[in-house]
Amino acid sequence: MAQDQPASELVPPTSASQYTAEQLDQVLAGDWRSAANRARDAYRHPKDTLDFFGLQPDQTVIEITPGGGWYSEILAPLLRDNGHYVAAEKRPASDGEARSDDSALRRKFAADPAHYGKAAIVAFDPQAPVLGEPGSADLVLTFRNVHNWVMADTAPAMFKAFFAVLRPGGVLGVVDHRAADGATLDQVKASGYLPTAYVKKLATDAGFVLDGESEVNANPKDTRDYPKGVWTLPPTLTLGEQDRAKYQAIGESDRMTLRFVKPAAARH
């Protein structure tokens with residue numbers, strides 16, 4: 001009869017957080033990520049940001065307006081085997097199906113089925129957004145998009161859609177350009193920066209409860225007083241070669257990182 005393994009040689013089970021961290025490390029080092037995108041990890045802190053939002057590989061995660069797919073390169077492969085990644089894109093202004101099918105993100109996914117073959121894309125109308133079946137998502141994430149919705153006057157509708165698609169107890173994670181303390185919305189909204197209190201109000205007005213704030217995406221070098229607003233800084237660098245080295249030395253914007261929860265007793 002085999003003897004029991006000595007206690008000193010037992011390998012402790014991997015915790016869920018440790019497992020997720022290991023999975024994230026593998027994905028972040030993936031060779032499908034471009035060198036340019038990996039270089040931006042220093043500004044966007046994807047591992048710490050996603051850990052703060054409570055991401056787990058078996059969740060259903062909806063990312064709102066992923067753009068070129070910077071976070072898609074991380075989220076879709078991470079969730080491929082045990083979870084579900086959904087990219088929610090704004091429906092094109094013209095109602096042509098061909099134009100929607102030709103989006104940059106769709107082309108990106110189609111070109112690499114090994115990593116993106118199980119990812120889904122949904123199109124939404126920003127005036128009346130529907131992101132999926134009510135209560136179907138564990139986590140909704142949006143990175144640097146709220147300022148665009150504020151300028152388009154669609155932000156309240158978007159936050160209500162986040163609330164509807166999340167299950168009770170589900171999490172909304174928001175990252176956006178942070179205005180200076182004391183700045184009002186009217187003063188800064190054309191600059192791309194937003195008052196943190198205003199973003200919190202958008203979420204709480206939709207029914208969410210603030211569950212945490214992080215400084216992981218803070219940048220104290222950001223003075224927020226640029227000729228072309230936040231787009232003066234990398235990665236956009238709207239001024240081109242004018243003072244390029246100066247703005248590159250500042251880096252990407254100072255950002256709020258907020259975690260909200262849909263109350264467990266809430267209905268869709």
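The second largest cavity has a volume of about 30 Å³. A cavity here comes from a 1 Å grid over the protein atoms alone, as a set of points where a 1.4 Å probe fits but cannot get out, and lining residues have an atom within 4 Å of a point. For the volume, grid points are joined across faces, edges and corners, and we take the space filled by probe spheres set on the points. Why roll a probe at all? Because rolling a probe the size of a water molecule over the atoms shows where empty space is left.

Before I go on, this is a predicted model, where local features need pLDDT of at least 70, side-chain atom pairs count only at pLDDT 80 or more, and totals for chains, interfaces and linings use all residues. Residues are numbered from 1 along each chain as its sequence is written, and side-chain values use heavy atoms, with hydrogens and water left out.

Okay, who lines that second largest cavity? You'll find Ala 76, Leu 79, Arg 80, Tyr 85, His 115, Tyr 116, Lys 118 and Ala 119 around it. By class that gives five nonpolar, one polar and two charged residues. For the classes, Ala, Val, Leu, Ile, Met, Phe, Trp, Tyr, Cys and Pro count as nonpolar, Asp, Glu, Lys and Arg as charged, and the others, Gly among them, as polar. Helix H5 and helix H8 (113-116) each supply at least two of the lining residues. Helices (H or I, at least four residues) and strands (E, at least two) are DSSP runs, numbered from the N terminus.

Buried means under 20% relative accessible area, exposed means over 50%, and partly exposed is in between, with a 1.4 Å probe and protein chains only.

The other holes next. In total, the structure holds two cavities of 30 Å³ or more. The largest cavity has about 40 Å³ of space, and its lining is Arg 44, Thr 49, Tyr 71, Phe 143, Arg 144, Val 175, Asn 217 and Arg 255.

Then there are pockets, where a pocket is an open set of points with protein on both sides within 12 Å along at least five of seven lines. The largest pocket holds about 420 Å³. It has 27 lining residues, and Arg 40, Arg 44, Phe 143, Arg 144 and Pro 235 lie nearest its centre. Its lining has nine nonpolar, eleven polar and seven charged residues.

Zooming out: the protein chain has 13 helices and seven strands, and 47% of its 268 residues count as buried.

What goes inside? In soluble globular proteins, nonpolar side chains tend to be buried together. Here the largest nonpolar core has 31 residues, and those with the most contacts inside it include Ile 64, Val 140 and Phe 162. A nonpolar core is a set of buried Ala, Val, Leu, Ile, Met, Phe, Trp, Tyr and Cys residues joined through side-chain atoms within 4.5 Å. Which element gives the largest share of this core? That's H10, with seven residues. The buried residues of H10 include Met 158, Phe 159 and Phe 162, and its buried residues pack against E1, strand E3 (120-124), E4, H9, E5 and H12.

Leaving out residues up to four places away in sequence, Val 140 touches Ile 62, Ile 64, Phe 162, Val 165, Leu 166, Val 171, Leu 172 and Gly 173, where contact means heavy atoms within 4.5 Å. There's also a second, separate core of 27 residues, and Leu 78, Phe 109, Tyr 116 and Val 171 are among them.

Thr 154 sits in the loop between H9 and H10. Is Thr 154 buried or exposed? It counts as buried, because its relative accessibility is 4%. Beyond its neighbours within four places in sequence, Thr 154 is in contact with Pro 126, Gln 127 and Trp 149.

Asp 205, in helix H12, counts as exposed because its relative accessibility is 54%. Its side chain joins that of Lys 201 in a polar contact of 2.7 Å. A polar contact is a pair of N or O atoms within 3.5 Å; within protein, one must be able to donate a hydrogen and the other to accept it, and residues adjacent in sequence count only if both atoms are side-chain atoms.

And Asp 58 is in the loop between helix H4 (46-52) and E1. Asp 58 and Gly 83 are 25 residues apart along the chain, with their C-alpha atoms separated by 3.9 Å.
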